Amino acid sequence: GTLVGAALGAVIVNAGKTWFTGVLPEAWLFALGALFVLVTLFLPKGVLGLASSISERWKARRPAATPTPEPAE
């Protein structure tokens, strides 16, 4: 959904291609295809969507700052 997400996705795909080529030289295309399928199934909002949902959960998990009571007069 964003230009940053597209750039990050391109970097991740190229890094995955490089890594899969070294680890699975005969089957790197299948591994890269599986990576695309898994990302589509489990990260419908993309990598940045995952990061934003994690940060929202982290913020919701922390207790809100309680206001300090004013001294009684």
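User: In which helix is the place of Val11?

Analyst: This is a predicted model, in which local features need pLDDT of at least 70, side-chain atom pairs count only at pLDDT 80 or more, and totals for chains, interfaces and linings use all residues. Residues are numbered from 1 along each chain as its sequence is written, and side-chain values use heavy atoms, with hydrogens and water left out. Helices are DSSP runs of H or I with at least four residues, strands are runs of E with at least two, and both are numbered from the N terminus. On that basis, the place of Val11 is in helix α1.

User: Does Val11 count as buried or exposed?

Analyst: A residue is buried under 20% relative accessible area, exposed over 50%, and partly exposed in between, with a 1.4 Å probe and protein chains only. Val11 has 54% relative accessibility, so it counts as exposed.

User: What distance separates the C-alpha atoms of Val11 and Gly46?

Analyst: Val11 and Gly46 are 35 residues apart along the chain. Their C-alpha atoms are separated by 13 Å.

User: Which pattern does the protein chain follow along the sequence?

Analyst: The protein chain has three helices and zero strands. Read along the sequence, the pattern is α-α-α.

User: What is the radius of gyration of the protein chain?

Analyst: The radius of gyration is taken over C-alpha atoms, and the globule rule is 2.2 Å times the number of residues to the power 0.38. For 73 residues that rule gives 11 Å; the protein chain is well over this, so it is more spread out than a compact globule. Its C-alpha atoms fill a box of roughly 80 × 25 × 20 Å along the principal axes. The radius of gyration is 21 Å.

User: What share of the residues of the protein chain count as buried?

Analyst: The protein chain exposes about 6,500 Å², by the Shrake-Rupley method with a 1.4 Å probe. Carbon and sulfur atoms supply 70% of that area. Of the 73 residues, the share that count as buried is 7%.

User: Where is Glu70 found, and what distance separates its C-alpha atom from that of Leu24?

Analyst: Glu70 is found in the segment after α3. With a relative accessible area of 75%, Glu70 is exposed. Glu70 and Leu24 are 46 residues apart along the chain, and their C-alpha atoms are separated by 65 Å.

User: Where is the place of Glu26?

Analyst: Glu26 counts as exposed, at 72% relative accessibility. The C-alpha atoms of Glu26 and Ile54, 28 residues apart along the chain, are separated by 36 Å. The place of Glu26 is in the loop between α1 and α2.
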